[in-house]
Amino acid sequence: MTEGITTPGAGWRRADGPPAQKRQKRRRRRGGGRPGGEVAMVEEAEFTSYYGRPIIKPPVWKTPDVPLYLFLGGAAGSSSIMAALTDLTDRPALTRNARYVSGGAAIASVVFLIHDLGRPERFLHMLRVVKPTSPLSIGSYILAPFSAAAGATAAVELLGWFPRLKRFGGVVAALFGGPLATYTGVLFANTAVPSWHAAHKELPFVFGASGMAAGGGITMALSPIEEAGPSRKMAVAGAAIELAAMHRVETEFGIVSKPYHVGKAGRLLRAAKSCTAAGAALTVVAGRRRAGAVAAGALLAAGSLLTRFGVFEAGMASARDPKYTVVPQRERLAAREAGQQVASNGHAPTITR
């Protein structure tokens, strides 16, 4: 009854290989295989997981709800800051459009978040407790006042009522706009998902800059050319920071950077970089012409959206494959043991053959 379970290799599988019983076992002989050399009686241990199942539980977040929430939140946050700044520099059309983008994107992001949660009351339950060590808890207290202020400001702008209240609401939304655009990067990095957690310093910059590119691009496309100078600057700066930070995420973390290059995530992120770079270049070259501003804004928004989908898919892929969990753990363990040996011996470990 238990033979299929207890027999070595019956169910255990390497993360990147066939079942153990199908792999040919080889004995390695020290000394280059010369007669008299020592024979290793036990093979070097290889990582296995039961039937190739994930070691960590992947997040239950759904797509496209969560990537759309990330994109809309970033665009809303950066647009609210744009609206507050341009309100002080007498750019009425740009201020109005930025408020509309901020309020509309904020409400839409809440809709997608609630849809992902499954029931509306779950969002209210998130506000029952304040936990400073939880990015999700703090993020709830960023999203709630921001969406209320941004939505109210957009409504008052549309109706033309209470100009002083409109300005006050815009300032409140701007205060929460920056944290809203970046806290989701902290939230992702605070999970056990390998490809997110490894880039815990970079992801907030990626998400914040991506929001700048989206907000700047959208408001640039909607506003008169003569008023859209701040939007162009925000869009180009955001695109440059996003590309630089995303390059670090994709190259600096060894094996856990691989999911950003392969499969669906790799395709999405390559398309994202192309759109973001093209949008930034077009903003510089043709952003002062109506057609160029619209095209550049559309490219920047598309690049920001694709970046969120790509990062989301890469993290999910790394959570499903056990090797992205165990290989970095073994590397850290080996480095710690080497450091302890150096500390105890006073010199670097030597390798004898």
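Is threonine 184 buried or exposed? I looked it up, and threonine 184 counts as buried because its relative accessibility is 3%. Here buried means under 20% relative accessible area, exposed means over 50%, and partly exposed lies in between (1.4 Å probe, protein chains only).

**Ground rules**

I am working with a predicted model, where local features need pLDDT of at least 70 and side-chain atom pairs count only at pLDDT 80 or more, while totals for chains, interfaces and linings use all residues. Residues are numbered from 1 along each chain as its sequence is written, and side-chain values use heavy atoms, with hydrogens and water left out.

**Entry 1: threonine 184**

I placed threonine 184 in helix 6, residues 163-189. Helices (H or I, at least four residues) and strands (E, at least two) are DSSP runs, numbered from the N terminus. Next I listed what threonine 184 touches, skipping residues up to four places away in sequence: Tyr69, Leu70 and Phe207. Contact means heavy atoms within 4.5 Å.

**Entry 2: the whole chain**

I counted twelve helices and two strands in the protein chain. From the N terminus on, the order is α-β-β-α-α-α-α-α-α-α-α-α-α-α. The chain has 353 residues, and 45% of them count as buried. I also checked contacts between residues at least 6 apart in sequence: 71% of these join residues at least 24 apart.

The chain exposes about 18,800 Å², and carbon and sulfur atoms supply 62% of that area. Accessible areas come from the Shrake-Rupley method with a 1.4 Å probe; for residues, only the protein chains shown count as cover.

**Entry 3: the UniProt record**

I opened the unreviewed UniProt entry, which lists "transmembrane region" for residues 68-88, 100-118, 138-159, 171-193 and 205-225. Positions are in the numbering used here, feature names are shortened, and annotations may be inferred rather than shown by experiment. I checked two of the spans in the model. Residues 138-159 are 100% helix and 0% strand, with end C-alpha atoms 32 Å apart. Residues 205-225 are 86% helix and 0% strand, with end C-alpha atoms 28 Å apart.

**Entry 4: the nonpolar cores**

Which residues have the most contacts inside the largest nonpolar core? I found Phe188, Trp196, Tyr260 and Val311, in a core of 44 residues. A nonpolar core is a set of buried Ala, Val, Leu, Ile, Met, Phe, Trp, Tyr and Cys residues joined through side-chain atoms within 4.5 Å. Several helices each supply at least two residues of this core, including helix 2 (65-87), helix 3 (92-117) and helix 5 (135-159). Helix 2 gives the most, with seven residues.

I then followed tryptophan 196. Not counting residues up to four places away in sequence, its contacts include Pro59, Trp61, Phe188, Tyr260 and Val311. A second, separate core has nine residues, among them Ile225, Ala239, Ala296 and Leu300.

**Entry 5: helix 2**

I tested the length of helix 2. At 1.5 Å a residue, its 23 residues should span 33 Å, and its end C-alpha atoms are 32 Å apart, which agrees. The expected span is 1.5 Å times one less than the number of residues.

**Entry 6: salt bridges**

How many salt bridges does a search of the whole structure find? I got nine. A salt bridge is a side-chain nitrogen of Lys or Arg within 4 Å of a carboxyl oxygen of Asp or Glu.

The side chains of glutamate 157 and arginine 99 form one of them, at 2.7 Å, N to O. Glutamate 157 lies in helix 5 and arginine 99 in helix 3, so the pair ties together parts that are 58 residues apart in sequence. Both residues are buried.

I looked at glutamate 202 and arginine 248 next; their side chains meet at 3.1 Å, N to O. Glutamate 202 sits in the loop between helix 7 (194-197) and helix 8, and arginine 248 in helix 9, 46 residues apart. Glutamate 202 is buried at 9% relative accessible area, whereas arginine 248 is partly exposed at 39%.

**Entry 7: threonine 63**

I ended with threonine 63, in the loop between strand 2 (49-50) and helix 2. Threonine 63 is partly exposed, with a relative accessible area of 41%. Leaving aside neighbours within four places in sequence, threonine 63 is in contact with Phe309, Phe312 and Glu313.
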